[in-house]
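Welcome! Please take a first look at the model below, and then let us walk through a few of its features together.

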Amino acid sequence: MPATLINAALILLGSILGLLFRNHISPRFSELVTHALSLCVLVIGILSAAGTQNVLCVIVCMVVGSLLGETLRIEDHLDHAGELLRQKLIHASSAGRFTEGFVTASLLFCIGSMAIMGSLEAGMNGNYTILISKGVIDGVTAVTFSAAMGIGVMFSILPLIVYQGGLTLLAAAVGPLLSTSVITEMTAVGGTIIIGIAFNMFAFGPRKIRVGNMLPAIFLPPLYLPLSDVLSHLL
């Protein structure tokens, strides 16, 4: 949990710096840095997804998880949470792209191999190296994001603390029960979702990928792999 709080503090610091210097960052510079970060996010997603040892697992988990997320309307709830925070905490005239910043930053900071592996490592072994390294990357990203999308990025630390802190506490309890193959496929599924985030950052196509509704897929490999083994033995 301490590592998650450090991660959140670095995002908070980066967001403040971005807001302070947003008027001194030219649109051309901001666009270039955003595109550079988009490429980095895409590379991270590809590298994480490429680590899979079971492509069928990733496919099935993505499909089932996306259907489940669509049924639960997770992305709509994220949008609603952003609007609720805007209405409660931010004056309407200065809200700007609050919801977009909140949702985009929340998804980017919460999903991914570093979040999963870092939380597991922190929970099981008390090693905070991965999460603190992730925090540095998130903090740098928050500078550009907050400069471009406003104060909504700052409030992404709320779901981060709940999600990442919750994973750490859960890992401390059940992490030792997870096999290496399960962790590998969870990371691969997370990487696939990150690729979707990168596409949204590039604004490809008229409609965004509803990556928020894909979140349940990350937690399906622990169910898929044992079931797959059972079916393999039966067949």
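This is a predicted model, so confidence comes first; pLDDT is the predictor's confidence in each residue, from 0 to 100. Helices here are DSSP runs (H or I, at least four residues), numbered from the N terminus. The table shows the elements of the protein chain with the lowest and the highest mean pLDDT.

| Element | Residues | Mean pLDDT |
|---|---|---|
| Helix H4 (lowest) | 74-89 | 72 |
| Helix H3 (highest) | 55-72 | 95 |

For the protein chain, the mean pLDDT is 83, and 92% of the residues reach 70 or more. In this predicted model, local features need pLDDT of at least 70 and side-chain atom pairs count only at pLDDT 80 or more, while totals for chains, interfaces and linings use all residues. Residues are numbered from 1 along each chain as its sequence is written, and side-chain values use heavy atoms, leaving out hydrogens and water.

Now find helix H5 (residues 98-110) and helix H8 (residues 157-174), whose axes (lines fitted to C-alpha atoms, for helices over the stretch in contact) come within 9 Å and cross at roughly 25 degrees. H5 and H8 are therefore roughly parallel to each other (angles under 35 degrees count as such). Where they are in contact (heavy atoms within 4.5 Å), Phe-102, Ser-106, Phe-109 and Cys-110 of H5 meet Pro-159, Leu-160, Tyr-163 and Gln-164 of H8.

Finally, look at Thr-144 in helix H7 (residues 129-149). Thr-144 has a relative accessible area of 12%, so this residue is buried (under 20% relative accessible area, 1.4 Å probe, protein chains only). Thr-144 and Arg-22 are 122 residues apart in sequence, yet their C-alpha atoms are 8.4 Å apart in space.

Terms used
Axes fitted to C-alpha atoms, helices over the stretch in contact; angles between N-to-C directions. Helix = DSSP H or I, 4+ residues; strand = E, 2+ residues; numbered from the N terminus. Parallel < 35°, antiparallel > 145°, perpendicular 65-115°, else oblique. Buried < 20%, exposed > 50% of the residue type's maximum accessible area, 1.4 Å probe, protein only.
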